[in-house]
Amino acid sequence: MRYTTFGRRSGLRVSQYALGTGNFGTGWGAGAERDEAKKIFDRFVEAGGNFIDSADTYQAGQSEELLGEFIQADRDDLVLATKFTVGARPDRKLSRTGNSRKNLRTSVEESLQRLNTEYIDVLWVHYPDALTPVDELLRGLDDLVTQGKILYAAFSNFPAWRVSRAAALADLSGWAPVTGIQVEYSLVERTADRELLPMAEALGLGVTLWSPLGGGLLTGKYRQSHQGRLTDLKTLVHTESTDQKAAAVDAVLTIANEVGRPPAQVATAWVSERSRRLATSSVPIIGPRSLAQLDDYLGALELELSADQYDHLTQVSAVPLGIPHEANAASLNGLQGGVMARLDGPVVP
Ligand SMILES: NC(=O)c1ccc[n+]([C@@H]2O[C@H](COP(=O)([O-])OP(=O)(O)OC[C@H]3O[C@@H](n4cnc5c(N)ncnc54)[C@H](OP(=O)(O)O)[C@@H]3O)[C@@H](O)[C@H]2O)c1
């Protein structure tokens with residue numbers, strides 16, 4: 001396992017994978033029982049992993065509860081991240097949802113109890129709630145940092161303009177900085193290439209990429225009618241709903257055949273390589289439901305795709321960047337032949 005800092009805006013040292021624990025527990029009707037979850041956790045830590053990703057809502061609070069037990073042996077060596085917005089309890093009332101200061105405070109208190117710890121390393125705001133003013137959220141996060149209940153604040157699933165504005169406001173106001181983003185990213189979901197990843201590169205935000213296998217689609221197992229999240233949970237997984245997604249699965253299966261490795265390793269190796277090529281630190285969040293699945297994710301650490309294989313997967317899965325990027329690229333190309341060709345300087349993403 002290799003390590004990186006959590007972006008350029010923090011000195012926090014994290015492993016090159018974060019262990020996603022959305023499968024820890026069975027509160028959603030599909031996931032890993034306690035003993036399997038413990039084995040996954042232990043093997044991840046033995047392999048050198050230190051970055052753990054949870055949320056209050058995962059498996060209706062069970063993910064955090066199980067972690068509260070598992071982390072005790074090594075709490076301070078682990079970088080424990082969790083999220084708030086949605087709430088753990090399925091029967092939550094109105095004031096226990098969203099990003100208000102009230103829900104922030106109560107959610108963090110409850111997460112600390114379930115996690116059986118005095119502090120959370122990284123608190124993710126799980127989703128924008130479309131209501132809470134950003135300064136209310138930032139002030140609330142800053143208070144929690146001051147109180148030592150959280151160490152770093154970060155944003156998950158927010159549009160780039162909201163993150164960027166929040167980061168600027170926090171910086172100008174002297175509040176705890178926005179240190180990272182969490183976003184879905186895989187060979188079947190690359191729209192973060194348009195705004196979110198360039199923003200993270202420019203601002204030095206730490207990036208965590210969720211669903212590196214598209215929820216299981218990129219293992220190719222649904223072509224063989226295997227059971228999995230798609231059949232059991234019927235959500236949180238892509239299907240071959242477009243020609244491009246089917247082409248991405250085709251490409252992964254072909255390369256898996258070429259290199260003699262499981263497709264899951266090929267798809268994860270591509271996300272890891274893409275992460276390494278970003279101009280900020282970025283780690284995939286892996287999501288094993290079993291020890292065997294964890295072994296595939298870990299096996300991908302040893303798999304180096306050839307330049308041709310990486311380029312082919314990148315090209316097959318690419319999304320149009322749209323306006324203004326495409327128009328700007330065209331006009332910059334024109335400028336390169338003129339005055340721009342004589343300008344040396346950093347490229348602003
Ligand atoms: N911020 C957010 O809103 C957000 C949203 C989603 C996830 N996340 C985070 O990201 C983590 C990972 O997301 P994800 O679970 O969707 O990741 P993923 O890697 O795209 O999908 C993981 C699923 O794929 C299947 N799988 C994995 N390895 C396999 C293998 N070798 N062979 C066959 N099937 C395999 C398993 O599902 P089955 O066995 O059930 O088929 C597993 O649960 C989560 O745990 C969570 O921490 C965050």
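This briefing covers a strand barrel and the helices packed around parts of the fold. The model is predicted: local features need pLDDT of at least 70, side-chain atom pairs count only at pLDDT 80 or more, and totals for chains, interfaces and linings use all residues. Residues are numbered from 1 along each chain as its sequence is written, and side-chain values use heavy atoms, without hydrogens and water.

**Barrel**
- Eight strands form a closed barrel in the order β3-β4-β5-β6-β7-β8-β9-β10, with parallel pairing.
- The twist from one strand to the next averages 25 degrees.
- Strands (E, at least two residues) and helices (H or I, at least four) are DSSP runs, numbered from the N terminus.
- Pairing requires at least two DSSP bridges between two strands.
- Strands β4 (residues 51-53) and β5 (residues 79-84) run parallel and are joined by three bridges.
- In β5, L80 stands opposite I52.

**Helices across strands**
- Helix α5 (residues 160-173) lies across β7 (150-156) and β8 (178-184), at about 170 degrees to β8.
- Helix α9 (residues 263-277) lies across β9 (206-210) and β10 (282-286), at about 155 degrees to β10.
- Angles run from 0 to 180 degrees between N-to-C directions; axes are lines fitted to C-alpha atoms, for helices over the stretch in contact.
- Contact means heavy atoms within 4.5 Å.

**Helix pair α1 and α2**
- The axes of α1 (residues 34-46) and α2 (residues 62-70) come within 11 Å and cross at roughly 55 degrees.
- R34, A37, K38 and F41 in α1 meet L66, L67, E69 and F70 in α2.
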